[in-house]
Amino acid sequence: MTSPLIAMLPEGHRMDRQLGIVYDVTPPNPDDLTQINNIQSREQILLNQNGVFFLSQIALWHSREMNAFAPILEITLARIIDENWVAQARELCAHRKAIVDRKSTRLNSSHTVISYAVFCLKKK
């Protein structure tokens with residue numbers, strides 16, 4: 001079973017033993033990582049250069065990934081932990097998923113045809 005956070009990622013990623021899930025080429029529609037408080041443009045550029053383009057990648061970090069990225073970003077591990085980068089990324093991902101879930105079941109006057117699956121969802 002795939003993690004919902006991994007399922008949010010576009011194809012083309014790979015698992016690196018130290019850095020976690022990374023991309024070798026820039027994927028389409030990368031996230032603005034500066035949505036995480038205290039990630040500045042400089043950190044975003046360095047993360048992108050090392051294959052991190054999505055909030056869900058950071059949301060999946062554990063101590064191994066944080067330890068690997070701290071020297072790459074030229075910051076302390078304590079900063080990543082104290083500023084709650086992983087928790088913030090998870091919260092932003094959860095918020096985005098909630099918005100997508102609401103939009104996927106919303107019907108309005110612009111819908112000329114209602115699929116049977118959506119009809120069943122709305123019927124409940």
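Asparagine 38 is partly exposed, at 39% relative accessibility; buried here means under 20% relative accessible area, exposed over 50%, and partly exposed in between (1.4 Å probe, protein chains only). This residue lies in the loop between β2 and α2. Although asparagine 38 is not a glycine, its phi is positive, at about 75 degrees. Glutamate 74 also has a positive phi, of about 60 degrees, and is not a glycine either. Its place is in the loop between α4 and α5 (77-82), and glutamate 74 is exposed, with a relative accessible area of 64%.

The model is a predicted one, in which local features need pLDDT of at least 70 and side-chain atom pairs count only at pLDDT 80 or more, while totals for chains, interfaces and linings use all residues. Residues are numbered from 1 along each chain as its sequence is written, and side-chain values use heavy atoms, with hydrogens and water left out.

The protein chain contains 7 helices and 2 strands, arranged along the sequence as α-β-β-α-α-α-α-α-α. Helices (H or I, at least four residues) and strands (E, at least two) are DSSP runs, numbered from the N terminus. Of the 124 residues in the chain, 34% are buried. The accessible surface comes to about 8,100 Å², and carbon and sulfur atoms account for 55% of this area; such areas come from the Shrake-Rupley method with a 1.4 Å probe, and for residues only the protein chains shown count as cover. Among contacts with a separation of 6 or more, 55% join residues 24 or more positions apart, where contact means heavy atoms within 4.5 Å.

What lies in the interior? The largest nonpolar core has 24 residues, and those with the most contacts inside it are Leu47, Ile58, Trp61 and Trp85. A nonpolar core is a set of buried Ala, Val, Leu, Ile, Met, Phe, Trp, Tyr and Cys residues joined through side-chain atoms within 4.5 Å. At least two residues of this core come from each of α2 (41-49), α3 (55-59), α4 (63-73) and α6 (85-105), and α4 gives the most, with 5 residues. Tryptophan 61 touches Leu19, Leu47, Val52, Met66, Phe69, Ile80, Trp85, Val86 and Arg90, when residues up to four places away in sequence are not counted. A second, separate core has 5 residues, including Leu9, Ile21, Phe53 and Phe54.

Rings of Phe, Tyr and Trp (its six-membered ring) pair if their centres lie within 6.5 Å; planes under 30 degrees apart count as stacked, over 60 as edge-to-face and the rest as tilted. By this rule there are 3 aromatic pairs. One of them joins tyrosine 23 and phenylalanine 53 edge-to-face, at 6.3 Å centre to centre and with 80 degrees between the planes. The pair links distant parts of the chain, 30 residues apart: tyrosine 23 is in strand β2 (residues 20-23), and phenylalanine 53 is in the loop between α2 and α3. Tyrosine 23 is buried, with a relative accessible area of 5%, and phenylalanine 53 is buried at 5% relative accessibility. Tyr23, Phe53 and Phe54 form one aromatic cluster.

Isoleucine 6, in helix α1 (residues 4-7), is partly exposed, with a relative accessible area of 25%. Beyond its neighbours within four places in sequence, isoleucine 6 is in contact with His13, Ile21 and Leu60. Isoleucine 6 and serine 56 are 50 residues apart in sequence, yet their C-alpha atoms are 7.1 Å apart in space.
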